[in-house]
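Student: I am new to this structure and would like to understand the labels that are used for it. Could we go through them one at a time?

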Amino acid sequence: MKRPQTLSRSGLPGFTVVVLALSVIQGCSISGMPNSSLQNRPDPGEADSGATPRSVRTENVHIGAASWYGPGFNGKKTASGEIFDETKLTAAHKTIPLGRRARVTHLGNGKSVEVLINDRGPYVEGRMIDLSHAAAKVLGMIDDGIAKVQVELLREAGVAENVQSLNRR
């Protein structure tokens, strides 16, 4: 009668590496995000779609409530000095530096839009970002008025590296 095979001490390190690798891979899988977040994203090739170019990388990610503003503010000066235009893809945030770009993703339907932070706000408790009417329309949140979103700060690929190389000269 043959004895069942057992794991010898010499095979234990290899087995441990395999188990560890599988654990890391499992931990890197997408979890906690609705399946729809992987669908309905605009094609990066579409003109004026608000889609983020492939040359852009994310830096920071925040999740919170988004609202939108427009009619009463259209034509007025923003915190950046620009004139607010509700038809542009812009947003207001309390702390993100003015002039930064961010990708906002509606966590309920997976739609995304890239916006320029050009104003301060929102000034309503519990809200993280105020979107222009145009940005809210792309996300499909006009009727609801508020949506749970993910905000990713964007940085052009190579910009930081170019600034560092200029500073070295």
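Tutor: Strand 4, residues 112–119, is mostly covered, since 8 of its 8 residues are buried. This is a predicted model, in which local features need pLDDT of at least 70 and side-chain atom pairs count only at pLDDT 80 or more, while totals for chains, interfaces and linings use all residues. Residues are numbered from 1 along each chain as its sequence is written, and side-chain values use heavy atoms, with hydrogens and water left out.

Student: What makes a stretch a strand, and what makes a residue buried?

Tutor: Strands (E, at least two residues) and helices (H or I, at least four) are DSSP runs, numbered from the N terminus. Buried means under 20% relative accessible area, exposed means over 50%, and partly exposed lies in between, with a 1.4 Å probe and protein chains only.

Student: Which strands pair with strand 4, and in what sense?

Tutor: Two strands pair if DSSP finds at least two bridges between them. Strand 2 is joined to strand 4 by 3 bridges, and the two run parallel; here Ala-92 stands opposite Asp-119. Strand 3, residues 101–106, pairs with strand 4 in the antiparallel sense over 5 bridges, with Thr-105 opposite Ser-112. The hairpin of strand 3 and strand 4 has 5 residues between the strands, and in it Gly-110 takes a positive phi near 80°.

Student: How do you know that both faces of strand 2 are covered?

Tutor: In a regular strand the side chains alternate between the two faces of the sheet. In strand 2, Thr-90 and Ala-92 on one side and Ala-91 and His-93 on the other are all buried. Strand 2 also pairs with strand 5 in the antiparallel sense over 3 bridges, where Ala-92 stands opposite Asp-130.

Student: Why is Thr-78 called buried?

Tutor: Thr-78 has a relative accessible area of 5%, which is under the 20% limit, so the residue counts as buried. Thr-78 lies in the loop between strand 1 (56–69) and strand 2 (90–93). Contact means heavy atoms within 4.5 Å, and, leaving aside neighbours within four places in sequence, Thr-78 is in contact with Ile-83, Phe-84, Asn-118 and Asp-119. The side chain of Thr-78 also reaches the backbone oxygen of Asn-118 at 3.0 Å.

Student: Why is the pair of Tyr-69 and Phe-84 called stacked?

Tutor: Rings of Phe, Tyr and Trp (its six-membered ring) pair if their centres lie within 6.5 Å, and planes under 30 degrees apart count as stacked, over 60 as edge-to-face and the rest as tilted. The centres of Tyr-69 and Phe-84 are 4.7 Å apart and their planes stand at 20°, so the pair is stacked. Because Tyr-69 lies in strand 1 and Phe-84 in the loop between strand 1 and strand 2, the pair ties together parts that are 15 residues apart in sequence.

Student: What makes the pair of Tyr-69 and Phe-73 edge-to-face?

Tutor: Their centres are 5.4 Å apart, and the 70° between their planes is over the limit of 60 degrees. Tyr-69, Phe-73 and Phe-84 form one aromatic cluster. Tyr-69 and Phe-84 are both buried, whereas Phe-73, at 46% relative accessibility, counts as partly exposed.

Student: How do you know that Arg-101 and Glu-114 form a salt bridge?

Tutor: A salt bridge is a side-chain nitrogen of Lys or Arg within 4 Å of a carboxyl oxygen of Asp or Glu. Between Arg-101 and Glu-114 the N to O distance is 2.4 Å, which meets that rule. The pair links Arg-101 in strand 3 with Glu-114 in strand 4, 13 residues apart. Arg-101 is partly exposed at 32% relative accessibility, while Glu-114 is buried at 7%.

Student: Where is the salt bridge of Glu-152 and Arg-103, and are these residues buried or exposed?

Tutor: The closest N and O atoms of Glu-152 and Arg-103 are 3.1 Å apart. The pair links Glu-152 in strand 6 with Arg-103 in strand 3, 49 residues apart. Both Glu-152 and Arg-103 are buried.

Notes: A polar contact is a pair of N or O atoms within 3.5 Å; within protein, one must be able to donate a hydrogen and the other to accept it, and residues adjacent in sequence count only if both atoms are side-chain atoms.
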